Amino acid sequence: MSPLLELHGVEKSFGAVQVLRGVDLSVQAGRVTALVGDNGAGKSTLVKGMAGIHLFDAGDYLFEGEPVKVTNPKDAAALGIEVVYQDLALCDNLDVVHNMFLGREMKRLRLVDEDTMEQRARETLDGLSVRTLKSVRTPVASLSGGQRQTVAIARAVLWNSKLVILDEPTAALGVAQTEQVLRLVRRLADRGLGVLLISHNLNDVFEVADDIAVLYLGGMVGQIDAASTTRERVVQAITTGVVPEGGAA
Amino acid sequence: MSIDTDDPTVAAAPDPEPDNSLGGIFRAYLAKLRGGEVGSLPAVLGLIALVVVFSSLRPEQFTNSFNFANLIGQSAGVTVLAMGLVFVLLLGEIDLSAGFAGGTCAGVLGVFLTRQEWPLIPALLAALLTGALIGLLIGLLVARLGIPSFVVTLAAFLGLQGVLLTMIGEGGTIPIRNDFINGLNNANLPVWLGWALGLLCIVGYAASTYITDARRRAKNLTVQPLLLWALKTGLLTVVVVAVVGYLSVERSRNPALTSLKGVPVSLVVIVGLLILLTFTLTRTAWGRHVYAVGGNAEAARRAGINVFRVRLSCFILCSTMAAVAGIMIASRTNSVNPNTGGETTLLYAVGAAVIGGTSLFGGKGRVIDAVIGGTVVAVIDNGMGLLDQPQGTVWMVTGLVLLVAASVDALSRRRASATGHV
Ligand SMILES: Nc1ncnc2c1ncn2[C@@H]1O[C@H](COP(=O)(O)OP(=O)(O)OP(=O)(O)O)[C@@H](O)[C@H]1O
Ligand SMILES: [Mg+2]
């Protein structure tokens, strides 16, 4: 089966600083691909390029086997790519429904269709087995970190998306809430979506990932099958930029 | 919220059945207040206090219906200006030039209407278009070039003051002789029409909210308790009946000579704009985007919202509303002079929006805040005048009230972030 998303030789510089140097990456539908790498390795930059927030300077971007041009967030959304950002992109002053539909409000007679939006927001949360959200009309500011993350993820799956990219979704969460979010991530892949998960926490990575892609100083070290590798090998790849001998690369 | 209910550590306590009794509604409201969501409550309480104070100190002059109608006319310009400013404040920006933008637009109206003897409609359109163009220019400088709105509009404030002075001439005045324009802020509706429009407001509000609520209840969506709907409708009815009733009383000192009664046209203009702008802000996608950009511009951008366009449109709307405000001020005095829209106009308007509950930090505010705050400012100005207080005292008191309002805003924000509300 051809991968859902493929990148070949992607490059990106900010001024004189080259952040991505010929990165290859592939994400399969129905699998969780983890993207790991040290601080500043370029993970978020890679994601923002895929999402159309930054433009890649060079390289091929294929989606469902076809070369695509993603120059703004709308292009990515049109392909079915949704991103949950590291710095949560939610508006604190808006409620859950308005955040989930932000920028893509449903309309009836040119007016915002609050009824349908609220219904669909609830259905989506229910579909993800999020059962006890107090009210979808509470402002996002009053939610806990885990709840906010859940809203952000629910927003990403609202649109029949095919690929969900999560940039450190558990970074600010406690043990229990991390657990919730990881289960949610797994469930996305089990529903047949492609998932790209960025994380610094190898426990999380080994818990949910099928594939592990290691980025080192803007270059892709390799993409490893999670089942056939160990923590030590991955740690070594992250810190030295080389997949140790004998590892299933 | 929990994702799996079998996870005891994260399962939130099940939501208690909403309490739809009077006590329940009251407790829910108190909880909201305690969470820092005070809305317009401080302004409304302040307004009541001011009215009580002035009524007891000057029972004859303050509460008579002549003064009441007068107060509406005096405040119309500031209130309309404040309504436009709400959109800019919602973005977390400011428009210091709105007052003189209004004056300049009124000047354009005067030049075309009186000096060039144009017909009304083209002259009016020219004035409104001037407002839109001023907003476009400011918006481009702020949203495209990224110059802080404080600086851009400070420059525009100075510049437009000069434009207005040049247009009219030092010490000059342009009289306005058009009946329609002068009627906007001087004429009154026939008594029956005032009642008819008042009734329309009540029935329109009651019916539309009832139908919406019933539909949402049928679909099992979140909805306010029926009792709360009844309370709100009742309150609106009381206010409308009281205002229209009071304004329908004969208020001429010499009724035999000229009869003076009925709802002022300026009130119709204010309420009409209030309904139109509130509808736009709450029911259209554009309105949601204004709140989103004010709440978190980066989130709005990532959600695919054209932040630049939203910003630009708010500045255009604000300056266009300023044009309407300028026309209301010119109408009041039947003339335009180099000080139209100057002096305290802009500062009162910003004060009005903030006193009403619109946050200077962006993302929080409603159009009705401008009307409530505008009324507070007008009552202070009018009441202090009746107490024969010198202008200096009036300004000091107004300044104090604004400071209190801004403190309420800042404190409620701290409270809100402490309790997790907005
Ligand atoms: N907009 C930008 N302008 C200039 N340099 C940037 C910009 N964004 C990122 N960088 C640089 O690119 C490099 C990679 O940053 P990036 O945020 O992609 O790293 P990361 O792998 O996500 O790190 P972390 O694990 O800390 O989130 C860093 O050196 C950073 O300083
Ligand atoms: Mg990052």
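**View 1. The open sheet of chain A, in this predicted model, has 4 strands in the order E2-E1-E4-E5 with antiparallel pairing.** Strands are DSSP runs of E with at least two residues, and helices are runs of H or I with at least four, numbered from the N terminus. Two strands count as paired if DSSP finds at least two bridges between them. In chain A, strand E2 (17–27) and strand E5 (66–67) stand at the edges, each with a single partner strand, so one side of each has no neighbour in the sheet. Strand E1 (residues 5–14) of chain A pairs with E2(A) in the antiparallel sense over 8 bridges. A:Glu11 has A:Arg21 in E2(A) as its bridge partner. Strands of a sheet pair through backbone hydrogen bonds, either parallel or antiparallel.

**View 2. Around ligand 1 there are 13 residues, of which A:Asn39, A:Lys43, A:Ser44, A:Thr45 and A:His200 come nearest.** A residue is near a molecule if one of its heavy atoms lies within 4 Å of it. The shell divides into 3 nonpolar, 7 polar and 3 charged residues; Ala, Val, Leu, Ile, Met, Phe, Trp, Tyr, Cys and Pro count as nonpolar, Asp, Glu, Lys and Arg as charged, and the others, Gly among them, as polar. Helix H1 (residues 43–50) of chain A gives the largest share of the shell, 3 residues.

**View 3. Oxygen atoms of ligand 1 face side-chain and backbone atoms of chain A at polar-contact distance (a pair of N or O atoms within 3.5 Å).** From an oxygen atom of ligand 1, an N or O atom in the side chain of A:Lys43 is 2.7 Å away, and a polar side-chain atom of A:Asn39 lies at 2.8 Å. For A:Ala41, a backbone N or O atom lies 3.3 Å from an oxygen atom of the ligand. The protein covers 60% of the 630 Å² of accessible area (Shrake-Rupley, 1.4 Å probe) that ligand 1 has on its own.

**View 4. Helix H12 (residues 285–295) of chain B is mostly covered, with 9 of its 11 residues buried.** Buried means under 20% relative accessible area, exposed over 50%, and partly exposed in between (1.4 Å probe, protein chains only). Among the buried residues are B:Arg288, B:His289 and B:Tyr291.

View 5. For B:Cys318, the nearest cysteine sulfur, that of B:Cys314, is 8.9 Å away. B:Cys318 is buried, with a relative accessible area of 1%, whereas B:Cys201 is partly exposed at 33%.

Residues are numbered from 1 along each chain as its sequence is written, and chains are lettered from A and ligands numbered from 1 in the order written. In this predicted model, local features need pLDDT of at least 70 and side-chain atom pairs count only at pLDDT 80 or more, while totals for chains, interfaces and linings use all residues; side-chain values use heavy atoms, leaving out hydrogens and water.

Note on methods. A disulfide is a pair of cysteine sulfur atoms within 2.5 Å. A polar contact is a pair of N or O atoms within 3.5 Å; within protein, one must be able to donate a hydrogen and the other to accept it, and residues adjacent in sequence count only if both atoms are side-chain atoms.
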